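Subject: Handing over a structure, with notes on its side-chain links

Dear colleague,

I am passing on the structure below, together with some notes on what was found in it. Please look through it before reading on.

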Amino acid sequence: MRRLALLALLAIASPAPAETTLALAPDALPPMIIALVQGEQDACGPGCSEWIAAEGVALPGSAITFNALLGRLHAEGKRPPVAIDSQGGLLDVGMAMGRLARQFGFDTIVARTERPTDGLPRLGITGECHGACLYFFAGGVSRALAPGAVMTITAVDFVGPGGGLMPEGRRAL
């Protein structure tokens, strides 16, 4: 209900055409791509040349893909770090991905995976983590931010299925 009121207020106050507003819709952001990346020797730290790149917006399919990859790597005895570069996404998906990282024992870092045309991929010194990404990041066993990475912490509104606020005891779940 708050979103509708805010959108109505913005539509009245803003002279911009409706197409501009639609271009900013969350579903217009790139969905999260999750891939195992192979870089040069020590590309992601001493003795680390392989990492999981999680880039884009956390949507329902993201958690399913992430779970499958972590399960496979865990079964192989591998635990490469998870490099996150995300504009946010759905809160419950970010939380689910964080729980998976913790359950399987993976570390997280906010860092962008750079893919130069003249060489192997490498972790960059920048990256971003906004909104639901925080919960994904926080699930890592060990957590780090690249030196130039940006993380935002935003308020979360816990609305229940009936539209009202969830009971206090359920908000922390």
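Is Glu 114 buried, partly exposed or exposed? Glu 114 is partly exposed, with a relative accessible area of 29%, where buried stands for under 20%, exposed for over 50% and partly exposed for what lies in between, computed with a 1.4 Å probe on protein chains only.

Before the rest, a word on the basis: this is a predicted model, in which local features need pLDDT of at least 70 and side-chain atom pairs count only at pLDDT 80 or more, while totals for chains, interfaces and linings use all residues. Residues are numbered from 1 along each chain as its sequence is written, and side-chain values use heavy atoms, with hydrogens and water left out.

Salt bridges

Side chains of opposite charge can pair when their charged atoms come close. Taking a salt bridge as a side-chain nitrogen of Lys or Arg within 4 Å of a carboxyl oxygen of Asp or Glu, the count comes to 5 salt bridges. One of them joins Glu 55 to Arg 115, with 3.2 Å from N to O. Glu 55 belongs to strand S2 (residues 50-58) and Arg 115 to the loop between strand S5 (113-114) and strand S6 (122-123), so this pair ties together parts that are 60 residues apart in sequence; strands here are DSSP runs of E with at least two residues, numbered from the N terminus. Glu 55 counts as buried at 18% relative accessibility, whereas Arg 115 is partly exposed at 45%.

Lys 78 and Glu 76 form a salt bridge at 3.8 Å, N to O, and here Lys 78 is partly exposed at 34%, as is Glu 76 at 44%.

Disulfides

With a disulfide taken as a pair of cysteine sulfur atoms within 2.5 Å, the structure holds 2 disulfides. Cys 44 and Cys 48 are linked with their sulfur atoms 1.8 Å apart; the link is left-handed, with -85° about the S-S bond, and both cysteines are buried. Cys 129 and Cys 133 form a disulfide with a sulfur separation of 2.1 Å, and this link is left-handed at -110°. Cys 129 is buried at 0% relative accessible area, and Cys 133 is buried at 2%.

Conventions:
Helix = DSSP H or I, 4+ residues; strand = E, 2+ residues; numbered from the N terminus.
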